[in-house]
Amino acid sequence: MDKRVANAIALTALWVSALTTVAILAAVILYVFVNGISQLSLEFIFTWPHGVNSEGGVWPTIVSTLYVTALAMLIVTPVAVLAAVYLAEYAVQGRLVGMIRFAADSLASVPSIVMGLFGLALFVEAMGIGFSMLSAAMALSFLMLPIVMRTTEEAIRAVPKYIRWGAYGLGATKWQTVSRSVLPAAMPRIITGIILATGRAVGETAVVIYTMGQAINLPLTPLDSGRPMTVHLYLLAMEGINLPAAYGSALLLMIMILAFNLGARYFLRRSSRRT
Amino acid sequence: MADQLRTRSTSVPASAVRDKISVKGLEFHYGDFHALTGVTVGIREKAVTAFIGPSGCGKSTFLRCFNRMNDLIPGTRMGGKITLDGEDIYAPGVDPVDLRRRIGMIFQQPNPFPMSIYDNVAFGPRLHGMKRRSELDEVVQRSLERANLWKETKDILDRNGLALSGGQQQRLCIARVLAVEPDILLMDEPCSAIDPTSVQKIEDLMAELKDRITIIIVTHNMQQAARVSDFTAFFLQERTGEPAVLVEFDRTANVFTSPKDRRTEDYITGRFG
């Protein structure tokens, strides 16, 4: 075959594949948008459901989702960042560290429904916390932990050695070097990792369905139960009680996750502009 | 004698009569690789000493021995003895963290921290416990002045250090080092990543600083060594795989006008390297 023909075929195949990816994303977004936009209104966002919880707004579910996500973030960030600092800066690189990394990667691939079941068994039942924001947040944090830990570790490793040497050269101890120069330099990418994990948590269904409960409730304390948006969406659609409202919730959920992702990009871009 | 004290471009101050650092029989290994052997040299106080030689001749490695920066590289070993003001810096009781306070270091790549100009300069003093804003303000201004960067930055102290030009960044790094008041300044090819105008500024700065500070500069650029240094050490690795040696050490004028060793002469006349 002519080299130029082969080239043209390859190029077309690559182009079509890339286009397919974009097209699928566009189709999903467009479908949800077209079906959901008519539902979206301030009333839909800020009022409570009524009837058999199929009519009216979704306000308590938005609050439940944001509440549990924020709580999970508070739990996961210190643990994940400290673990990553240990792995990247302190641990002697060898078999043990390799195993910890492998464990983190495996944790990331545990099906979320299994994590939900585990949360139900451990937090809700065994520890007696019950269906609550806290139980759900802790189960979610298991899901977020490997994401935040690995992105933080990568971020720390990406800090140029010159930055470390600069601090050591001024008479900084190891901890001073890590805490005052390496972590600040890695911070934008760490924040990006946290935001991406948060986006993942907002959209998570299987974990929260087992640990938060389904009661329509405006959570105040971490021990209150609630109904996350994803579960509300699932119920609206599966029970077939109000499909338009399900699309409305879906659109709202996608907008929130999109906002998180754009936030992450913003931080990353701001950091790369400075170097 | 007075004539011998003159070099091509600079005069050695009268105070430069004793060795600040003295090195005896230094050996250096990276794992199995023997990088340097048998280096014995005295670094004169309050003078500029240049280390020259082709790439891979161990001059940067040698420089990092003085502030024990090589301790941070796994698998390195050093033999022989280095004394600073008569004290063995590799003695068991010496904390490299304290040592590095007294010996500042400037790197090839300007490395400001991703924070404001002010915070960059205040970094060292804060590490060592300075907290009062008025004291910090004073140190920041004095250090930037000594690094000839104050005029350019006094109105933008809160701007990110990375927003400066490459040459300004390097002077910011010098200011950051000066803020901890070191006796010795190690410069590892400080000018190879910046523009010529900035090189000029940094060379002028070195001439000003050596009244108070002992400076050692590693450079690829022989003209620079001839311009800025009082003493020159020429290092050479003769064959791949063999350790590098210190071929010649003398007043810069002697090294460049009447080298004693044939290899030095070959190098400075551009026959290799």
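This tour moves through a predicted model, from an overview of chain A to selected sites in chain B.

**Chain A as a whole**

Select chain A. Its secondary structure consists of 11 helices and two strands. Read from the N terminus, the elements follow the order α-α-β-β-α-α-α-α-α-α-α-α-α. The C-alpha trace spans about 70 × 65 × 35 Å along its principal axes. Chain A has 275 residues, and 44% of them count as buried. Among the contacts in chain A with a separation of 6 or more, 73% are between residues 24 or more positions apart.

**Helices H3 and H6 of chain A**

Next, select residues 59-90 of chain A, which form helix H3, together with residues 133-157, which form helix H6. The axes of these two helices come within 6 Å and cross at roughly 35 degrees. The crossing of H3(A) and H6(A) is right-handed. Colour the residues of this contact by class: 25 are nonpolar, three are polar and three are charged.

**The largest nonpolar core**

Now select A:Val68, A:Leu140 and A:Met144. In the largest nonpolar core, which has 152 residues, these three touch the most other members. The element that gives the most to this core is H6(A), with 16 residues. As general background, nonpolar side chains in soluble globular proteins tend to be buried together.

Keep A:Met144 selected. Which residues is A:Met144 in contact with, leaving aside its neighbours within four places in sequence? They are A:Ala72, A:Val76, A:Ala197, A:Arg200 and A:Ala201.

**A:Ile163, with contacts in both chains**

Move to helix H7 of chain A, residues 161-169, and select A:Ile163 within that helix. A:Ile163 counts as buried because it has 20 C-beta neighbours inside 10 Å. Not counting residues up to four places away in sequence, A:Ile163 touches A:Ser181, A:Val182 and A:Ala185 in chain A, as well as B:Asn111 and B:Phe113 in chain B.

**Where chain B touches chain A**

Show both chains together. The contact involves 24 residues of chain B and 16 residues of chain A. On the chain B side, the elements giving two or more residues are helix H2 (96-102), strand S6 (103-106), helix H3 (117-127) and helix H6 (166-178). H2(B) supplies the largest share of that side, four residues. By class, the side of chain B that touches chain A has 13 nonpolar, seven polar and four charged residues.

**Helices H3 and H4 of chain B**

To see the contact, select B:Tyr118, B:Val121, B:Ala122 and B:Pro125 on H3(B), then B:Leu136, B:Val139, B:Val140, B:Ser143 and B:Leu144 on H4(B). Eight residues of this contact are nonpolar, one is polar and none is charged.

The last two stops concern backbone angles. Most residues other than glycine have a negative phi.

Select B:Asn148, in the loop between H4 and helix H5 (150-153) of chain B. Although B:Asn148 is not a glycine, its phi is positive, at about 55 degrees. Is B:Asn148 buried or partly exposed? It counts as partly exposed, because 16 C-beta neighbours lie inside 10 Å and a residue needs 20 or more to be buried.

Finally, select B:Glu189, in the loop between strand S7 (184-188) and helix H7 (196-209) of chain B. B:Glu189 is not a glycine either, yet it has a positive phi of about 50 degrees. With 20 C-beta neighbours inside 10 Å, B:Glu189 counts as buried. Which residues does B:Glu189 touch, not counting those up to four places away in sequence? They are B:Gln108, B:Val218, B:Thr219 and B:His220. Draw a distance line from B:Glu189 to B:Thr219: the two are 30 residues apart in sequence and 4.8 Å apart in space, C-alpha to C-alpha.

Key
Residues numbered from 1 in each chain as written. Chains lettered and ligands numbered in written order. Predicted model: local features only at pLDDT ≥ 70, side-chain atom pairs only at ≥ 80, totals over all residues. Axes fitted to C-alpha atoms, helices over the stretch in contact; angles between N-to-C directions. Left-handed = near helix turned anticlockwise from the far one by under 90°. Nonpolar A, V, L, I, M, F, W, Y, C, P; charged D, E, K, R; others polar. Contact = placed C-beta atoms within 7 Å. Core = buried A, V, L, I, M, F, W, Y, C linked by C-beta atoms within 7 Å. Buried ≥ 20, exposed ≤ 12 C-beta atoms within 10 Å, placed from the backbone.
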